[in-house]
Amino acid sequence: MKFLLSFSLFFTFALVADNHDADKPAYEPNVAEYYVSTFKEGKDMDDMMKWVEKFNTWAGETDHFDNYAAALLVPYYHSGEQPHDFVWVGISPNPEEMHKGNDHWFSNGTKLLAELNKILDQGNQTTYTWQRTVSETPSGQNGYVVYSDCKLGEGVTAQQFYDAYHAYAVAAKKLGDVAGRKMIFPNTGVPSTWDYDFVQAVSTETIADYGKNWTNFWNNADEMPELEALQELGGTCENERSYGIVSVRG
């Protein structure tokens with residue numbers, strides 16, 4: 001984001017899927033933690049993936065992480081203002097599950113943390129967020145995501161925007177849209193310089209799908225009153241950056 005990835009964030013991105021009526025905005029909010037990470041000199045992704053194997057073995061020995069999904073976001077297009085090698089995104093269905101896992105990590109993960117600190121620099125940004133699904137890719141899986149920082153239009157609430165955004169997504173899907181979308185609301189660990197209302201995440205199963213979806217959008221934009229209604233709410237989004245998604249758990 002400068003903030004979220006500046007942070008960028010999910011979900012395989014293996015996010016948690018909800019059963020829902022496709023024509024109603026019935027997705028429940030979930031929570032996610034983002035760790036912006038840089039390698040120590042001489043360390044690389046091979047070292048990180050070896051650590052991930054150890055983490056998954058350790059996490060599998062308890063039920064504290066049964067509902068925890070995680071992915072690594074690898075920078076693709078970004079400004080370089082906040083240099084980083086990847087972002088760890090961890091997702092839980094609710095705060096209780098997230099903090100249950102955090103408690104176990106703080107109490108029993110000392111050895112793993114020490115090994116991680118040999119791979120990554122310390123002091124990078126970490127942020128806790130709420131997020132709500134607007135739409136999902138056909139498979140529910142994601143391999144590429146584009147984030148942007150957004151401000152709501154004057155007098156427009158997040159719920160009003162979500163409802164209009166969901167209606168647009170439903171209409172777009174009928175015209176061949178294959179993108180997953182989220183509204184992400186940073187909660188804890190937010191930089192004091194971040195001056196936006198939410199982070200928008202648009203994801204596709206592959207990088208190629210993102211390009212195809214872009215073409216589909218412009219070919220069908222004139223046929224969508226739902227898009228016009230969304231645009232009438234006003235607001236702006238900027239600071240776009242994109243990431244490849246590597247699922248590591250869930």
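This is a predicted model: local features need pLDDT of at least 70, side-chain atom pairs count only at pLDDT 80 or more; totals for chains, interfaces and linings use all residues.

Student: Which cysteine does the disulfide join to cysteine 150?

Tutor: The structure holds 1 disulfide. Its sulfur atoms sit 2.0 Å apart, and the cut-off is 2.5 Å. The partner of cysteine 150 is cysteine 237.

Student: How many residues apart are the two parts of the chain that this pair links?

Tutor: Cysteine 150 lies in strand β5 (residues 144–151), and cysteine 237 in strand β8 (residues 236–249). Those are distant parts of the chain, and the separation is 87 residues.

Student: Is cysteine 237 buried, exposed or partly exposed?

Tutor: Buried needs under 20% relative accessible area and exposed needs over 50%. Cysteine 150, at 0%, is buried. Cysteine 237 has 42%, so this residue is partly exposed.

Student: On to helix α4: what span should its 17 residues have?

Tutor: The helix covers residues 158–174, and the rule is 1.5 Å a residue, times one less than the number of residues.

Student: Which helices are included in what covers the buried residues of α4?

Tutor: Those buried residues include Phe161, Tyr162, His166 and Val170. Their cover includes the strands β4 (126–135), β6 (180–188) and β7 (198–204). The helices included are α5 (207–220) and α6 (225–232).

Key: Residues are numbered from 1 along each chain as its sequence is written. Side-chain values use heavy atoms; hydrogens and water are left out. Helices (H or I, at least four residues) and strands (E, at least two) are DSSP runs, numbered from the N terminus. Buried means under 20% relative accessible area, exposed over 50%, partly exposed in between (1.4 Å probe, protein chains only). Contact means heavy atoms within 4.5 Å.
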